Amino acid sequence: MVKMEAVATEVHPMTQSTNRLFDELAKLMTDAAGAAQGLKKEVDTVVRSQAERILGDMNIVSREEFEAVKAMAEKARAENEALATRVAELESKVK
């Protein structure tokens with residue numbers, strides 16, 4: 001019976017050190033994941049900033065400007081077609 005108690009006592013300290021090791025490892029992994037997430041946000045910010053700067057330097061129009069010009073072109077095309085039809089009608093009356 002003494003040997004069993006001795007064995008139980010020997011296992012107990014090892015279990016505590018193993019648990020402490022796993023706790024420290026889990027904490028380290030959590031800290032590493034937080035650091036990686038912070039780094040990802042910073043890289044995303046830098047990349048977005050650089051992309052905006054490059055696009056700004058290239059003098060590219062914005063989506064709103066593009067849509068406005070597209071609407072103007074569609075209106076001009078419709079007016080041109082209406083005028084072409086009217087000219088054709090007037091020409092047929094002259095002949």
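Here are a few numbered notes on the charged pairs and the nonpolar patch in this structure.

1. Before anything else, keep in mind that you are looking at a predicted model. The count of salt bridges comes to 3, and the next points take them in turn.

2. Start with Lys-40 and Asp-44, whose side chains meet in a salt bridge with 2.9 Å from N to O. Both residues sit in helix α1, which covers residues 2-57. They are 4 residues apart, or about one turn of the helix. As for the surface, Lys-40 is exposed, with a relative accessible area of 53%. Asp-44 has a relative accessible area of 40%, so the label for Asp-44 is partly exposed.

3. Now go along to Arg-53 and Asp-57, again in helix α1. Here the side chains form a salt bridge, at 3.3 Å from N to O. The spacing is 4 residues, about one turn of the helix. Arg-53, with a relative accessible area of 45%, is partly exposed.

4. For the next pair, switch to helix α2, which spans residues 63-94. Arg-63 and Glu-67 both lie there, 4 residues apart, so about one turn of the helix lies between them. Their closest N and O atoms are 3.7 Å apart, and that pair makes a salt bridge. Why does that distance qualify? Because the cut-off is within 4 Å. Arg-63 is exposed at 57% relative accessible area, whereas Glu-67 is partly exposed at 37%.

5. Leave the charges aside and look for the nonpolar patch on the surface. Which residues form this patch? They are Ile-54, Leu-55, Met-58, Ile-60, Val-61 and Phe-66. Together they have about 570 Å² of accessible area.

6. Take Leu-55 as one member of that patch. Leu-55 is found in helix α1, and its relative accessible area is 45%.

7. If you want something to check on screen, find Lys-40 with Asp-44, then Arg-53 with Asp-57, then Arg-63 with Glu-67. After that, colour the patch residues, including Met-58 and Phe-66.

Terms used
Residues are numbered from 1 along each chain as its sequence is written. This is a predicted model: local features need pLDDT of at least 70, side-chain atom pairs count only at pLDDT 80 or more; totals for chains, interfaces and linings use all residues. Side-chain values use heavy atoms; hydrogens and water are left out. Helices (H or I, at least four residues) and strands (E, at least two) are DSSP runs, numbered from the N terminus. Buried means under 20% relative accessible area, exposed over 50%, partly exposed in between (1.4 Å probe, protein chains only). Patches are made of residues with over 30% relative accessible area and no salt bridge: like charges are joined within 9 Å, nonpolar side chains (Val, Leu, Ile, Met, Phe, Trp, Tyr) within 5 Å. Accessible areas come from the Shrake-Rupley method with a 1.4 Å probe; for residues, only the protein chains shown count as cover.
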